[in-house]
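Hello,

Here is the structure I promised to hand over. Please open it first, then read my notes below.

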Amino acid sequence: MAASDLINLSGLIDDAKCFALVRQHRWPEGACCPVCGSSAVIRDGHDDTQPCRQRYRCKTCSGRFDDLTGTVLAGHHQPLRVWVLCLYFMGLNLSNRQIALELGLDSSDTQAMTEQLRRGLAAKTPAVELTGEVEIDEVYVVAGHKGQPAAVAKRGGSDAVASWQARRAAARWRRTSRPSSA
Ligand SMILES: [Zn+2]
């Protein structure tokens with residue numbers, strides 16, 4: 001084995017654990033069908049080229065899918081462990097250039113990967129249909145604490161919680177949608 005293989009981080013990562021990680025995040029309550037949402041699914045062997053990638057069959061709609069179907073991780077030439085490491089480095093605030101160097105990737109490939117990961121893992125989420133009573137709350141985002149962790153910790157104290165609740169109550173509004181056909 002060449003020395004370069006030993007310092008190639010992605011070569012040290014366990015594929016089975018990467019797929020287990022995806023399953024755990026995607027389906028904490030067990031696999032369900034990405035087409036019809038049914039949880040009546042059975043395991044249906046493994047991918048031909050990726051032995052840790054579990055395949056499933058839906059007993060409700062007979063659809064077939066696997067661990068990565070419908071996610072940005074599917075259909076790309078990079079193995080899952082490279083995506084997992086990319087996500088890990090993004091969490092450490094590494095630049096695209098640094099990530100590309102660590103993973104031995106092209107910088108344009110790395111940029112495409114980080115952009116997709118920032119948009120979320122779901123590649124194709126079905127259109128949301130709202131029915132009945134719909135309630136929308138304001139979204140509350142805490143800004144990054146780069147250089148100012150003390151200020152953020154202070155803002156997140158009990159005073160902030162109390163005023164957040166007041167703002168939430170003020171911002172809450174309800175809308176009842178009535179189907180036009182009714
Ligand atoms: Zn189904």
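Start with the metal. The site of the zinc ion is tetrahedral, with angles of 104 to 119° among its four donor atoms. Keep in mind that this is a predicted model.

Which residues coordinate the zinc ion? They are C33, C36, C58 and C61, each through its SG atom, at 2.3 to 2.4 Å. Along the chain, these donors follow the spacing C-x2-C-x21-C-x2-C. Is C58 buried or exposed? C58 is buried, at 0% relative accessible area. C61 is partly exposed, at 34%.

Now the salt bridges. The count comes to five. Here are three of them.

R81 and D15 meet through their side chains, with N to O at 3.1 Å. R81 sits in helix α3 and D15 in helix α2, so the pair ties together parts that are 66 residues apart in sequence. R81 is partly exposed at 22% relative accessibility. D15 is also partly exposed, at 28%.

R23 forms a salt bridge with D67, and the closest N and O atoms are 2.4 Å apart. R23 lies in helix α2, while D67 lies in the loop between β3 and α3, so this pair ties together parts 44 residues apart in sequence. R23 is partly exposed at 26%. D67 counts as buried because its relative accessible area is 0%, and buried means under 20%.

D44 pairs with R64, with the closest N and O atoms 2.5 Å apart. The two are 20 residues apart, D44 in strand β1 and R64 in strand β3. D44 is partly exposed at 24%, whereas R64 is exposed at 61%.

Best wishes

Notes:
Residues numbered from 1 in each chain as written. Predicted model: local features only at pLDDT ≥ 70, side-chain atom pairs only at ≥ 80, totals over all residues. Heavy atoms only, no water. Donors = N, O, S within 2.8 Å, 3.2 Å for Na, K, Ca; no water. Tetrahedral: all angles 85-135°; square planar, octahedral: opposite > 155°, others 65-115°. Buried < 20%, exposed > 50% of the residue type's maximum accessible area, 1.4 Å probe, protein only. Salt bridge = Lys/Arg side-chain N within 4 Å of Asp/Glu carboxyl O. Helix = DSSP H or I, 4+ residues; strand = E, 2+ residues; numbered from the N terminus.
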